[in-house]
Amino acid sequence: MAPRPRIQNADEAKRWIEDGKTYAWMTQEHERKYGIKISASGWSYFRRQHGLAARAVADDELVPWSVEWKHRNHYFLYCLRQEGRRRAGNKLAPNTEVRVNGFLRDLAENNAVVHYDPDTEEGFYLIPREAQDKDSLVRRPTKAAARRRRGADG
């Protein structure tokens with residue numbers, strides 16, 4: 001079995017991760033500098049081995065639904081997840097920050113929140129904010145939807 005590709009400069013790799021560089025960017029830059037391609041799982045392994053914070057942040061306040069596979073790449077979900085990362089103290093890439101800020105501005109200007117309906121083709125919608133939404137970015141699911149999320153019936 002061939003040896004696993006090794007990250008050539010651990011301090012540099014830590015700095016990239018702490019600066020919020022994407023795994024795709026780090027892979028490309030490492031290959032450009034050292035001629036060695038590191039997979040996303042390789043970067044993830046390196047991050048864990050060096051005690052660096054996880055990239056994925058689960059925020060049930062911003063994503064309170066169990067999202068169907070067909071809706072996993074929706075722009076609204078992406079923005080909510082990135083905002084969750086930011087709220088957890090992670091630094092966003094500059095272009096991601098611009099996107100998320102624009103999304104939040106659109107919500108505020110339209111006095112809207114994100115609603116998710118897994119039984120529709122689109123999945124995510126902007127709907128008018130109601131009193132029940134308070135300062136949330138999303139419409140909280142009903143109790144029936146919450147039961148469905150946990151996998152229980154009726």
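Across the whole structure, a search turns up 8 aromatic pairs. Keep in mind that this is a predicted model.

**Trp-65 and Phe-124**
- The ring centres of Trp-65 and Phe-124 are 5.7 Å apart, and their planes meet at 75 degrees, so this pair is edge-to-face.
- Trp-65 has a relative accessible area of 7%, which makes it buried because the cut-off is under 20%.
- Phe-124 is buried too, at 2% relative accessibility.

**Tyr-75 and Phe-103**
- For Tyr-75 and Phe-103, the ring centres lie 6.4 Å apart and the planes are at 90 degrees, so this pair is also edge-to-face.
- Tyr-75 is part of helix H4 and Phe-103 is part of helix H5 (residues 94-109), so the pair ties together parts 28 residues apart in sequence.
- Tyr-75 is partly exposed, with a relative accessible area of 39%, whereas Phe-103 is buried at 4%.

**The aromatic cluster**
- Tyr-75 and Phe-103 also belong to one aromatic cluster, together with Phe-76 and Tyr-78.

**A charge over a ring**
- Lys-21 places its charged end over the ring of Trp-25, at 4.8 Å from the ring centre.

Note on methods: Residues are numbered from 1 along each chain as its sequence is written. This is a predicted model: local features need pLDDT of at least 70, side-chain atom pairs count only at pLDDT 80 or more; totals for chains, interfaces and linings use all residues. Side-chain values use heavy atoms; hydrogens and water are left out. Rings of Phe, Tyr and Trp (its six-membered ring) pair if their centres lie within 6.5 Å; planes under 30 degrees apart count as stacked, over 60 as edge-to-face and the rest as tilted. Buried means under 20% relative accessible area, exposed over 50%, partly exposed in between (1.4 Å probe, protein chains only). Helices (H or I, at least four residues) and strands (E, at least two) are DSSP runs, numbered from the N terminus. A charge sits over a ring if NZ of Lys or CZ of Arg is within 6 Å of the ring centre and within 35 degrees of the ring normal.
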